[in-house]
Amino acid sequence: MDVGRFIQYIASGTAYTVSVTLIALPLGLFLGLIFSLLYVYGGKVLTRIMSIYSTVMRGIPPIVLLFILYFMVSGNINLSPFWAGSISLGIVSSAYQMEIIRGALLSVSGAQMMAARAIGMSRMRAIKHIIIPQAFRMAICPWSNEAAIVIKDSSLVYALGVPEILRRAQLISASTQQPFLAFIVAGLIYFMLVFVTNRLLDGLDKRMRIPANP
Amino acid sequence: MPNPILVVKDLTKKYGDNIIFHDINMTVNEGDTDVIIGPSGTGKSTLLRCINLLTKANSGQIWLDGEEITAPGYDEDEVRQHVGMVFQNFLLFNHLTALDNVKIGLSKVKKLKDDQAEAKAMQELDRVGLADRAHHYPGQLSGGQQQRVAIARALAMDPRIMLFDEPTSALDPELIGEVLEVMRKLALDGMTMLVVTHEMGFAREVSDRIIFLEKGSIVEEGPPEVLFYTPKFERTREFLWKITELYGKKESDS
């Protein structure tokens, strides 16, 4: 057996893993931001709706949601498993990212809003220019956690047949009878992806930190 | 003829059955510095917040520059542009430098062009003596410097009146002087100011009128020399001198 080709076969799934992540994570961020703003500033009804959304989405295993969303979406429009899987993971992630951003929004003191209103800013402007920039800084650390989870959960799209890392590891382990090596390689690639991402986000956190005297 | 900038009529604020203050009437004339004093919990801060509509009063009316700002449908955001507010805890925007704190209202509310906003912000920082701290973040400034930036931030909007809510209460004693100095200069420059404070030295030297608020209503008001020496009520004299003992000395020493 040619170990080089063995590894290369699994590693070539990395592009799918990265692509799925790069769709799911920003989609989850976009939805999560909007949902968290509705949650925190939207008034009673929207808060209730968002709270239900969050509870339901976080109460079901991602793989089950993936299937539900996949068959719901692909029943109506013709989407490739890759896109359906990525979008589904993004929707799952939006519930978690909503909670992360909600926590960050709430951790910005209400007095900041009052100070912004006092110079004549509307609520919307204050949220945009004063609250969100401060909340985002506080969200980076918990968000890097979610980024790691989405990278790892991207392996779930293997269930839809997307030839990403895990799918390939499974295929090659079956055809070569080398499951141990196959899954070790897959695990190492995931680990590297998560490790590098967390390092990058740590760097971002440090760069964005507001200067202050000790 | 005095020109009334702020007129408050029968203003009442309560939370449930708890009356914070009731039937407050007062007028602040252009160029005057009026000081509100009173024991804590008498609704001084709430009164200021009602005046710039950060809190809604339950009843009563407020006129700013002859226009009733409590009229239904009046644009509150517009009102607050013309009423500067300085808070006890400074409340600078933590993620912005001193310059950007002053500038943000100019660029995002008044919609000035970037270079105009920057020039005006720099000018206001200079006015409070902090041009050399323009690029420091709030966390890198002392409390006194932060409060001066907060004053510059309010001034930048060219307010008709400045409200100060115990602007020196959160400061270390040695930092109080620099803030009072800025306020004294503002008063001399003819800014109309309404100041809640315990700094009796400032009240005595700078104010045109002292308003003594207790248990939610105005006990007595008048020029400082009258309230300190010949007040109508013994309670006024008692409170003023007690506060002077506690707070006033630092100020007259400096």
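Visitor: How many salt bridges are counted between chain A and chain B?

Guide: One salt bridge, in this predicted model. The term stands for a side-chain nitrogen of Lys or Arg within 4 Å of a carboxyl oxygen of Asp or Glu.

Visitor: Which side chains meet in it?

Guide: A:Arg117 and B:Asp77, at 3.0 Å from N to O. A:Arg117 sits in helix α6 (residues 110-118) of chain A, and B:Asp77 in helix α2 (residues 76-82) of chain B. Helices (H or I, at least four residues) and strands (E, at least two) are DSSP runs, numbered from the N terminus.

Visitor: Is A:Arg117 buried or exposed?

Guide: Buried, with a relative accessible area of 17%. B:Asp77 counts as buried too, at 18% relative accessibility. Buried means under 20% relative accessible area, exposed over 50% and partly exposed in between, with a 1.4 Å probe and protein chains only.

Visitor: OK, and polar contacts between the chains, how many residue pairs?

Guide: Seven residue pairs, both residues at pLDDT 80 or more. A polar contact is a pair of N or O atoms within 3.5 Å; within protein, one must be able to donate a hydrogen and the other to accept it, and residues adjacent in sequence count only if both atoms are side-chain atoms. On the side of chain A that touches chain B, α6 and α7 (123-153) of chain A are the elements giving two or more residues, and α6(A) gives the most, with seven residues.

Visitor: What area do the two chains bury between them?

Guide: About 2100 Å², 65% of it on carbon and sulfur atoms. That is the accessible area (1.4 Å probe) that two parts lose on being put together, summed over both. In chain A, the residues losing the most area to chain B are A:Met114, A:Ala118 and A:Ile119, together 27% of what that side buries. By contact, meaning heavy atoms within 4.5 Å, 21 residues of chain A meet 24 residues of chain B.

Visitor: Before I go on, how was this set up?

Guide: Residues are numbered from 1 along each chain as its sequence is written, with chains lettered from A and ligands numbered from 1 in the order in which they are written. As a predicted model, local features need pLDDT of at least 70 and side-chain atom pairs count only at pLDDT 80 or more, while totals for chains, interfaces and linings use all residues; side-chain values use heavy atoms, leaving out hydrogens and water.

Visitor: Back to salt bridges. What does B:Arg184 pair with?

Guide: B:Glu181, at 3.1 Å from N to O, and B:Glu205, with the closest N and O atoms 3.4 Å apart. B:Arg184 is in helix α6 of chain B and B:Glu205 in helix α7 (residues 200-206) of chain B, so that pair ties together parts 21 residues apart in sequence. B:Glu181 and B:Arg184 are three residues apart in helix α6 (residues 173-188) of chain B, about one helical turn.

Visitor: And the sheet in chain B, what's the strand order?

Guide: β6-β7-β8-β3-β9-β10, an open sheet of six strands with mixed pairing. Two strands pair if DSSP finds at least two bridges between them. β6 (83-86) and β10 (217-222) of chain B are at the edges with a single partner strand each, so one side of each has no neighbour in the sheet.

Visitor: How do β3 and β9 of chain B pair?

Guide: In the parallel sense, over four bridges, with β3 at residues 33-37 and β9 at residues 209-214 of chain B. B:Asp34 has B:Arg209 as its bridge partner in β9(B).
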